[in-house]
Amino acid sequence: MSKVNKAKSLVAGALSMALFSIAPLGFANNDLPDLGTAAVNTFSLEKENSYGDAYMRVIRSSAPMLNDPVLNQYLTELGNRLVAHATGVKTPFYFFLLRNDEINAFAFFGGHVGVHTGLFLNADNESQIASVLGHEITHVTQRHLARSLEAQQKSSPATIAGLLGAILLTIAAPQVGMAAMATTQALATQAQINYTRLHEKEADRIGMQILVDAGFDPNGAADFFSKLATRYRFTTKPPQMLLTHPLPESRIAEARNRAAQYPHRYVADNLDFQLAKARIQVRFSSYSEEAALALFNDQLRKNSYQFEEAAQYGKALALLRAEKAEESEVIIDQLLAKDPNNLFYIDTKTDLLLERHQHQQAIALLTQERKLKPTSQVVNINLANALIENGQAKQAIPLLEDMIFLDKQNQLPLQLLSDAYKQTGNRAMEHFAKAETMALAADYDGAIDQLNFAYRLSEKNPLQLAKIEARIRQFKQSKKQLELL
């Protein structure tokens, strides 16, 4: 078995040690220098992007990533709204969700920002989530990981080589890599902590400015962390974030003082955030089927919600989960009557229609919505899936190919594309799509095997043969680069 294929347990340990996880927002004073323009000689942007791509592929193979189009589109749009107000953006950003009730988020090379579903479960409003994302975006734009490694190189060239080697070894062979990394970090703990504090101050200052410029409440940061500090003050097992970044009152007070420097303004909460939170509570949390339904029934009975629509939506999802589709559909239809273009409702209505095998109705609904939102991940994924389930895979293929062209990091359209080619009898392209899916999860050996199957099934298609040969060479080279990083 290759080194790459042994990469199955990176995320929990390696990311928390090697990457910059979320920290308390509000350290900074406004006079801190902007260090992001400082020279970073150790890593070029090209090298950072290569490492980021490698880490992301391993995360896909080993972490509980959410391939939920509705939540992914919501998070991406929220993240991009913040990025639009950041300075020093040198790389595209990619936001993704991990199914994990732990309160955490992290950023790493190549503009990748990971968010645990636990953040949504514990946040009260969108400004609180946005404050976390703004902080993580700043870690990326200011190149904090590269600068931290460069600072260690200045004190000890052997340390930087050992740390980078350990991180990358963890990708290839997690058990060996974690031991190596622990030893290396022990040699440079004090220098690393000192430099990280500077990064956190800078991320606090710039992150809050991004938050305000994007139209969010600057108090979102202090509100969120004050809530967490109160909740976990006496617990024997606080969340991972609070173990690495304690929240004394002084830090929360500094966040409040920073927010007070901005003009007061009322920022209304966003319905879509509450819908996303409800979706996570029902589908991607530790709530049981009964507990999820009870949660939203209780909210509706006591009027204890930010938006009644979000509580109704949560109840509809819980009813669907409990196999009470008719009751669920009554609620969804009422919500759609008030807000016919809301993608959260459209996605669930599609699920209900497909469950009853009313494929044509689902296709009609989504085709109409696509006229308004032609690039929507939610609409296009649902439409392609409905077409495939209705035996119209041929029509789904160009739709999926367009999605893949626009987002080369998303496995879901590739998986559907493989299903579509299988339905049309194009076995060669079925294997080709499977190969691309495997490569996104760093399984280059499996991807090459799939391409070899595709090659043998393409004997009478010279152009396809050439395409497959080229891709095999690229995957072999990518595998080699991953092992040599």
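Author: A salt bridge is a side-chain nitrogen of Lys or Arg within 4 Å of a carboxyl oxygen of Asp or Glu. This is a predicted model, in which local features need pLDDT of at least 70 and side-chain atom pairs count only at pLDDT 80 or more, while totals for chains, interfaces and linings use all residues. Residues are numbered from 1 along each chain as its sequence is written, and side-chain values use heavy atoms, with hydrogens and water left out.

Reader: Why is the pair K373 and E369 called a salt bridge?

Author: The closest N and O atoms of K373 and E369 are 3.3 Å apart, and the rule asks for a distance within 4 Å, so the pair qualifies.

Reader: What makes E369 buried or exposed?

Author: Buried means under 20% relative accessible area, exposed over 50%, and partly exposed in between (1.4 Å probe, protein chains only). E369 has 3%, so E369 is buried. K373 has 27%, so K373 is partly exposed.

Reader: Why do R283 and D351 count as a salt bridge?

Author: Their side chains meet at 3.4 Å, N to O, and the limit is 4 Å. R283 lies in helix α13 (residues 271–283) and D351 in helix α17 (residues 343–355), so the pair ties together parts that are 68 residues apart in sequence. Helices here are DSSP runs (H or I, at least four residues), numbered from the N terminus.

Reader: How many salt bridges does the rule give?

Author: The count is 15.

Reader: Which residues are linked in a network of salt bridges?

Author: E329, D333, K349 and R356 are linked in this way.

Methods:
Helices (H or I, at least four residues) and strands (E, at least two) are DSSP runs, numbered from the N terminus.
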